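User: Please take a close look at one strand of this structure and describe how it pairs, where its side chains point and how the chain leaves it.

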Amino acid sequence: MSDLRAVAVWRDGAAVRVPADQPVVTAFDQGLGRGDGVFESVLVTGGHTPHLPPHLTRLARSAALLDLPYPGDDAWRALVDAVLTDWPPAAEGACRLFLTRGLGEGEPPTLVALLAPVPAETLRQRIEGISVVSLGLGIPADFRAKAPWLLGGAKTLSYAVNMAAYRHAHARGADDVVFTALDGELLEGPTSTVVWAADGVLRTPPLETGILAGTTVDRLLARATDDGWAAEVASGTVADLHAADAVWLLSGVRGAATVHTLDGVRWGDAGLSERVRELLAR
Ligand code: PLP
């Protein structure tokens, strides 16, 4: 385990840095027992978190979807500052922010921030691209929009299904996953947004499917449009990905990972990945 790890917790109205190997929640925390909480993963680069604001906006939205009191952006900024103290600017990091229901109704929520280096495997995938399998989630594409109890669009701590999907992909020799709905409509990756380029247009699935609103895809689509590259939200299928010029899985920490193989079929990226990365880095 890397020595380069930092943890901070919210105690008595202030961010407190604690040793990275010290326990920070009780065994009775609802986040531990029920996965009842929300989180964010924020890229640290050059010693800063340049994309923190949209992550905090989404954290507040996720909290609202779970009826969790949101402590306010200032608390998170203080926690991020606390874990960034002493962080070497040359090291890229993944900063995770956790908000749980704590001991339950009427009790204060638990706030934790932690920072660790971006895993070597993530860095490799950024450069070499990824092999992906499509896996069904078994729900109609329009169902989660009508079923708020399924928490579509919230980044909850209940990621056991997402992690199981990764293990399933790894067992099949792939790196990552694209989830599809019952009718075959594209949804998202377990921790990423799907984007494909076809007919000179960048496309990504609609939020009405209950997928998470990605901060990275937002940034890419806005900058692509400014740059004269048409972008749109559009439904798609795995067949659309196979017919596309290029496909990426996007997330804040990994950036744009080029999909070089989908369900065992290999193809290129038509030289478009460089432009996507340049737009994201701008
Ligand atoms: N979709 C899911 C389910 C995710 O967990 C994530 C990020 O972790 C994303 C999409 C991409 O979001 P972002 O670009 O804000 O990192």
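Analyst: **A strand and its neighbours**

Trp196 has Arg203 as its bridge partner in E9. This is a predicted model, in which local features need pLDDT of at least 70 and side-chain atom pairs count only at pLDDT 80 or more, whereas totals for chains, interfaces and linings use all residues. Residues are numbered from 1 along each chain as its sequence is written, and side-chain values use heavy atoms, with hydrogens and water left out.

Helices (H or I, at least four residues) and strands (E, at least two) are DSSP runs, numbered from the N terminus. Strand E8 (residues 193–198) runs antiparallel to E9, and three bridges join them; strands count as paired if DSSP finds at least two bridges between them. Two residues lie between the strands in the hairpin of E8 and E9, where Asp199 takes a positive phi near 55 degrees.

E9 (residues 201–204) sends the side chains of Val201 and Arg203 one way and those of Leu202 and Thr204 the other way. In a regular strand, side chains alternate between the two faces of the sheet. All four of these E9 residues are buried, that is, under 20% relative accessible area, with a 1.4 Å probe and protein chains only.

E9 also pairs with strand E10 (residues 230–233), in the parallel sense and over four bridges. Within this pairing, Arg203 stands opposite Glu232 of E10. From E9 the chain passes through H6 to reach E10, forming a right-handed β-α-β crossover. Right-handed here means that, with the strands pointing away from the viewer, the path from the first strand over the helix to the second runs clockwise.

How values were computed: Buried means under 20% relative accessible area, exposed over 50%, partly exposed in between (1.4 Å probe, protein chains only).
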